[in-house]
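Here is a short report on one protein model. Look at the sequence and the 3D view first, then read on.

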Amino acid sequence: MRLQHVARFSNAPVRTPDGLHWNLLELYRQVLGGLAAAEREAPGEILGVGIDSWAVDYGLLRGGRLLGVPYHYRDDRTAAGVERVHARIDAAALYRRNGLQHLPFNTVFQLATEGPLLDLADRLLLVPDLLAHWLTGAEVAERTNASTTGLLDARTGEWDAGLVGVLGLPAGILPRLVDPGASLGALSPDVAQVVGRALEVTAVGSHDTASAVVAVPATDRDVAYVSCGTWGLVGVELDAPVLTEEARVAGFTNEGGVDGRTRFLHNVMGLWLLSESIRTWERESTAAPRSSTLAELLAEAAHVTAPVALVDVDDPRFLPPGDIPGRIAAWCREHDQPVPATRGEYVRSIVESLAQAFSDAVATAARLAGRTVTTIHVVGGGAQNILLCQATADRSGLPVVAGPVEATAIGNLLVQARARGLVGGGLEDLRALVAAAFAPERYEPR
């Protein structure tokens with residue numbers, strides 16, 4: 001395998017008077033531009049397109065027309081949705097049906113806030129499915145991402161019609177489910193004219209973590225994974241969900257994986273804490289110029305020798321955008337922890353806190369699933385963070401294997417390649433290809 005970057009673009013939310021939204025039209029414009037650039041780079045050679053994105057967020061449509069701008073899952077409207085859903089079904093009963101970790105932005109809670117707009121809609125499409133619809137006209141829900149809505153039966157992998165009825169949601173709004181590897185059709189004529197050719201679109205693990213887990217370079221099952229980007233998704237891969245009350249209380253989720261596997265994992269706040277801290281410092285630097293790159297901040301953090309606070313990174317206060325360093329300082333004062341004095345100490349505190357959260361989640365996942373874990377695989381952007389990978393090895397007492405960084409793209413491509421007969425076999429065969437093509441870094445616990 002070989003990867004070649006063709007196009008990258010930012011994905012910044014937009015705040016309007018009614019809340020925080022995704023700039024989805026700009027994302028679609030960039031998708032078209034990226035596909036056109038890829039076709040120019042390799043005319044006639046591209047065999048297909050697969051789309052993955054983050055989970056839970058969606059667009060509502062009527063007659064194929066988008067009703068409003070999709071909300072961002074960090075918008076604070078979701079708290080009211082939690083109350084409305086739990087008034088109809090309590091948290092324990094909901095978990096026994098959908099197996100999802102309680103997160104206030106799960107689709108099921110977002111839908112409870114829609115009001116009259118939901119009555120107008122005749123279709124709900126999750127973000128990657130909406131982009132595929134605009135490309136091809138298909139109206140489907142890819143199963144791995146549909147599993148994050150809270151409306152899928154964790155045991156059967158089908159829409160839970162009974163739950164939809166209990167919640168009073170319009171059943172006809174949910175599209176047909178498809179599995180990774182299904183053909184979604186060719187680009188529509190108008191889109192093909194922009195791109196340069198009528199490429200074929202294939203469903204992949206459209207939840208980015210589902211694609212990333214495909215590319216974990218491990219051929220045995222005694223491993224845990226950390227798909228580390230904005231979020232840190234920490235868990236193990238299973239053949240069936242774990243729907244116990246103990247798993248619910250521990251905050252573990254059962255999400256769909258490629259080939260019918262279950263991603264049994266805990267959502268940790270992730271590198272969002274670093275990136276949002278940097279954005280805060282950049283805003284402050286307009287008044288007193290002082291900018292630092294992530295690499296410089298990590299180098300400064302590596303030289304911190306004084307003990308730093310271990311912060312509860314899952315505290316809900318860290319979810320919304322804003323002054324993360326200020327919130328960390330407040331958390332430390334409330335819990336009698338040392339307040340970081342420098343940017344390097346803040347970064348070291350974040351890194352060590354994430355490493356501890358990852359370590360705890362791995363141990364809990366293994367216990368709840370009755371599995372032995374001998375190695376932790378870190379994939380995604382966090383695999384580049386040497387300080388974080390070493391800290392995770394140190395705190396867990398397990399070796400950490402880091403890489404590949406572009407695991408999501410690799411998993412996406414491998415599912416497409418298998419659907420087209422270019423490669424064969426199951427997930428372990430695909431992972432063997434990853435291990436052969438992308439040499440990982442190994443960190444031993446100290």
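Which residues line the largest cavity? Val-213, Val-216, Ala-218, Asp-220, Arg-221, Val-223, Tyr-225, Val-236, Glu-237, Arg-371 and Arg-431 do.

## About the model

This is a predicted model: local features need pLDDT of at least 70, side-chain atom pairs count only at pLDDT 80 or more, and totals for chains, interfaces and linings use all residues. Residues are numbered from 1 along each chain as its sequence is written, and side-chain values use heavy atoms, with hydrogens and water left out.

## The largest cavity

Rolling a probe the size of a water molecule over the atoms shows where empty space is left. Here a cavity is a set of points, on a 1 Å grid over the protein atoms alone, where a 1.4 Å probe fits but cannot get out. Lining residues have an atom within 4 Å of a point. Grid points are joined across faces, edges and corners, and a volume is the space filled by probe spheres set on the points.

The structure holds six cavities of 30 Å³ or more. The largest has about 100 Å³ of space. Strand E10 (223-228) and strand E11 (232-238) are the elements that give two or more residues to its lining. Strands (E, at least two residues) and helices (H or I, at least four) are DSSP runs, numbered from the N terminus. The lining has six nonpolar, no polar and five charged residues. Ala, Val, Leu, Ile, Met, Phe, Trp, Tyr, Cys and Pro count as nonpolar, Asp, Glu, Lys and Arg as charged, and the others, Gly among them, as polar.

Six of the six residues of E10 are buried, so the strand is largely enclosed by the rest of the structure. Buried means under 20% relative accessible area (1.4 Å probe, protein chains only). In a regular strand the side chains alternate between the two faces of the sheet. Both faces of E10 are covered. Val-223, Tyr-225 and Ser-227 are buried on one side, and Ala-224, Val-226 and Cys-228 on the other.

E10 pairs with E14 in the parallel sense, over five bridges. Two strands pair if DSSP finds at least two bridges between them. Val-226 stands opposite Val-378 in E14. E10 and E11 run antiparallel, joined by four bridges. Ser-227 has Leu-233 in E11 as its bridge partner. A hairpin of three residues links E10 to E11.

Thr-375 belongs to strand E14 (residues 375-379). Thr-375 is buried, with a relative accessible area of 12%. Leaving out residues up to four places away in sequence, Thr-375 touches Asp-222, Val-223, Ala-224, Pro-399 and Val-401. Contact means heavy atoms within 4.5 Å.

## The second largest cavity

About 70 Å³ of space lies in the second largest cavity. Its lining has 13 residues, and Ile-51, Asp-129, Leu-184, Ala-203 and Ser-206 lie nearest the centre. By class, the lining holds nine nonpolar, two polar and two charged residues.

Helix H6 (127-136), strand E6 (140-142) and strand E9 (200-202) each supply at least two lining residues. H6 gives the most, with three.

An open sheet of three strands has the order E4-E3-E5, with antiparallel pairing. Strand E4 (65-66) and strand E5 (123-126) stand at the edges with a single partner strand each, so one side of each has no neighbour in the sheet. Strand E3 (residues 58-62) pairs with E4 over two bridges. Leu-61 stands opposite Leu-66 in E4.

H6 lies across E3, E4 and E5, and runs at about 105 degrees to E5. Axes are lines fitted to C-alpha atoms, for helices over the stretch in contact, and angles run from 0 to 180 degrees between N-to-C directions.

Definitions and conventions: 1 Å grid on protein atoms, 1.4 Å probe; cavity = no way out; pocket = protein on both sides within 12 Å on 5 of 7 lines; lining within 4 Å. Buried < 20%, exposed > 50% of the residue type's maximum accessible area, 1.4 Å probe, protein only.
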